[in-house]
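Here are my notes on this one, as numbered points. Have the model open while you go through them.

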2 protein chains.
Amino acid sequence: MDKEQITRILEENGIRPTAVRILVARILVNAESPLSLAELETSLDTAPKSTIFRTLNLFLQHRLVQGIEDGSNSLKYEFCHTQGNNKFDDMHIHFYCEECQHTYCLKNIQIPTIELPDGYSMNSINYMVKGICNKCNSDKQ
Amino acid sequence: MDKEQITRILEENGIRPTAVRILVARILVNAESPLSLAELETSLDTAPKSTIFRTLNLFLQHRLVQGIEDGSNSLKYEFCHTQGNNKFDDMHIHFYCEECQHTYCLKNIQIPTIELPDGYSMNSINYMVKGICNKCNSDKQ
DNA sequence: TGTTCATTTGCAACCCGGTTGCAAATGAGT
DNA sequence: ACTCATTTGCAACCGGGTTGCAAATGAACA
């Protein structure tokens, strides 16, 4: 995705498209799996982590990215590809491999929804499966 | 639950029942919601956090407790009430209130299971819903 | 184009949950 | 009581995340 498209996405979400923000957004859009702050920091050795951190928080507030807790004690960030008002449609599960420590997006497995008790309102869901991935399983034998 | 019962549970799980372990286990067994290391530390002002930490890790290894990531950037620990070989039966969802920062066990809502792609094997699932709890919702109006 | 003011960025320092090394205390087996 | 492995307490450390503040940048306008 090129600079113009990223810029448009940022503007559509009410975010001023500065240089750093476009860089961060581009990396996230093109990533095939959720990235940590540290991973973004190494991809972007021009910007300090505080700036990236603030950028990510801004994106979170605008629901442009989603935070994923995979238990690796560093939050991962994933771009929300379904823009517009049906962002909930994109809720897929994630898989954390306890061997290679990689977090996979299982994009084609939707999170099964549940009914909350009366009075509870929902903002987001995290469905995180942990185990061993196919690559590590096949390496073992 | 009294000391004898706790001791028995520890022994059944191959854990030597020392004084500190019994204390930690008792708090967790009687807790109505998952507790953080810091919360256990204040309940147990006799033991330092390093000891509690190691005890919790031991319990985790033996699957006597379950770790729950609620996004509050401190891991919560919950006792696995279903002992024996059907521990997976106890997998219920959790709810994190973004207002009062409390983590609820919704014990009577089971985690809907999914089918993993070929080659992936599962060790555990975390189903975490975030939003506003009934108490905070009713306080608002 | 130059000026002004709000926003954003970079840096450095800090916070805090988690983790470790090591010596002292405890516990099980003799 | 003696010995050896395990557990505990303390203190120091680590690393992800967060913040304060001054410099840089950007938008609006004369």
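1. Start with Arg16(A): one of its polar side-chain atoms sits 3.1 Å from a sugar or linking oxygen of DNA strand C. I'm counting polar contacts as pairs of N or O atoms within 3.5 Å. Bear in mind that this is a predicted model, where local features need pLDDT of at least 70, side-chain atom pairs count only at pLDDT 80 or more, and totals for chains, interfaces and linings use all residues. Side-chain values use heavy atoms, with hydrogens and water left out, residues are numbered from 1 along each chain as its sequence is written, and chains are lettered from A and ligands numbered from 1 in the order in which they are written.

2. Which helix gives the largest share of the surface near DNA strand C? That's H4(B), with 4 residues. Helices H2 (19-30) and H4 (49-61) of chain A, and H4 (49-61) of chain B, each supply at least two (helices are DSSP H or I runs of at least four residues).

3. By type, the surface near DNA strand C splits into 6 nonpolar, 6 polar and 6 charged residues.

Note on methods:
Polar contact = N/O pair within 3.5 Å; in protein donor to acceptor, adjacent residues only side chain to side chain. Nonpolar A, V, L, I, M, F, W, Y, C, P; charged D, E, K, R; others polar.
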